[in-house]
Amino acid sequence: GREASGAVSGAHGTVDGATEMHWSVIGGSGNIATPDEAVTGIDGLSIGANIIMLSARVGICPLVMDTVTLTVHDLFIPSGFSPNGDGVNDTFEVTGLDVLTDNELSVFNRWGQQVYHAIGYANQWDGRDDNGHALVDGTYFYVLTIADDAYHGQIIIKR
């Protein structure tokens with residue numbers, strides 16, 4: 001199976017000489033735009049595995065089927081963390097980034113100065129600035145860019 005990260009995807013099937021073909025969702029969820037065409041769009045995928053089947057027939061021959069699995073990974077960005085060294089919630093952990101490695105995280109203080117930056121962020125920020133100094137407790141602002149999507153919000157550091 002193939003993997004996709006997102007709620008909108010596309011499917012392209014090839015069946016030489018097919019006189020009939022049909023896309024259907026057999027696991028998970030999804031809305032297939034044009035189920036009877038070789039190329040179609042799919043939206044409304046659920047978090048986790050979504051199994052899409054293409055069935056095809058050439059003339060009066062028996063129906064042939066193949067499947068593709070589209071996996072949508074959940075993304076959760078916390079609004080704060082407590083980097084106090086107790087082993088609990090010590091880093092800014094964005095759930096779902098383990099498979100979304102094409103990303104960039106920038107963190108700014110209340111005056112708009114960038115205090116932390118990482119390309120390929122992998123949940124390692126422990127509340128220190130780019131020079132390794134511990135940031136004071138308070139509210140900071142982030143921009144997390146994943147592929148072509150940008151997420152932004154605030155992060156509270158409370159030790």
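This is a predicted model: local features need pLDDT of at least 70, side-chain atom pairs count only at pLDDT 80 or more; totals for chains, interfaces and linings use all residues.
View 1. Phe 92 lies in the loop between S7 and S8 and Tyr 121 in the loop between S9 and S10, so their pairing ties together parts of the chain that are 29 residues apart in sequence. Tyr 121 is likewise buried, with a relative accessible area of 2%. Ring pairs join Phe 81, Phe 92, Tyr 116, Tyr 121, Trp 125 and Tyr 142 into a cluster.

View 2. In soluble globular proteins, nonpolar side chains tend to be buried together. The largest nonpolar core here has 20 residues, and the members that touch the most others are Phe 92, Leu 105, Val 107, Tyr 121 and Trp 125. Strands S8 (103–108), S9, S10 and S11 each contribute at least two residues to this core, and the largest share, 4 residues, comes from S10. Apart from this core lies another one, of 11 residues, which includes Met 21, Ile 42, Ile 52 and Leu 70. Which residues does Val 107 touch, not counting those up to four places away in sequence? Among them are Gln 113, Val 115, Tyr 116, Trp 125, Tyr 140, Tyr 142 and Ile 155.

View 3. Strands of a sheet pair through backbone hydrogen bonds, either parallel or antiparallel. In this view, 5 strands form an open sheet in the order S7-S11-S10-S8-S9, and the pairing is mixed. The edges are strand S7 (80–81) and strand S9 (114–119), each of which pairs on one side only. Within the sheet, strand S10 (residues 138–146) and strand S11 (residues 149–157) pair in the antiparallel sense over 9 bridges, and Thr 145 stands opposite Ala 150 in S11.

View 4. Strand S5 (residues 48–57) is joined by 9 bridges to strand S6 (residues 64–72), and the two run antiparallel. Across this pairing, Ala 49 stands opposite Thr 71 in S6. The two strands form a hairpin with 6 residues between them, and in the turn Gly 59 has a positive phi of about 60°.

View 5. Side chains of opposite charge can pair when their charged atoms come close. The structure holds 3 salt bridges. In one of them, Arg 57 pairs with Glu 20, and the closest N and O atoms are 3.2 Å apart. Is Arg 57 buried or partly exposed? At 26% relative accessibility, Arg 57 counts as partly exposed, and Glu 20, at 40%, counts as partly exposed too. Another salt bridge joins Arg 128 to Asp 126, with the closest N and O atoms 3.3 Å apart; Arg 128 is partly exposed at 39% relative accessibility, and Asp 126 is partly exposed at 33%. The side chains of Asp 137 and Arg 159 also meet in a salt bridge, at 3.2 Å from N to O. Because Asp 137 lies in the loop between S9 and S10 and Arg 159 in the segment after S11, the pair ties together parts that are 22 residues apart in sequence.

**View 6. The whole chain, for orientation.** The protein has 11 strands and 0 helices. Of its 159 residues, 33% are buried. The protein exposes about 9300 Å², and carbon and sulfur atoms supply 52% of that area.

Technical notes
Residues are numbered from 1 along each chain as its sequence is written. Side-chain values use heavy atoms; hydrogens and water are left out. Two strands pair if DSSP finds at least two bridges between them. A nonpolar core is a set of buried Ala, Val, Leu, Ile, Met, Phe, Trp, Tyr and Cys residues joined through side-chain atoms within 4.5 Å. Buried means under 20% relative accessible area, exposed over 50%, partly exposed in between (1.4 Å probe, protein chains only). Contact means heavy atoms within 4.5 Å. Accessible areas come from the Shrake-Rupley method with a 1.4 Å probe; for residues, only the protein chains shown count as cover. A salt bridge is a side-chain nitrogen of Lys or Arg within 4 Å of a carboxyl oxygen of Asp or Glu. Rings of Phe, Tyr and Trp (its six-membered ring) pair if their centres lie within 6.5 Å; planes under 30 degrees apart count as stacked, over 60 as edge-to-face and the rest as tilted.
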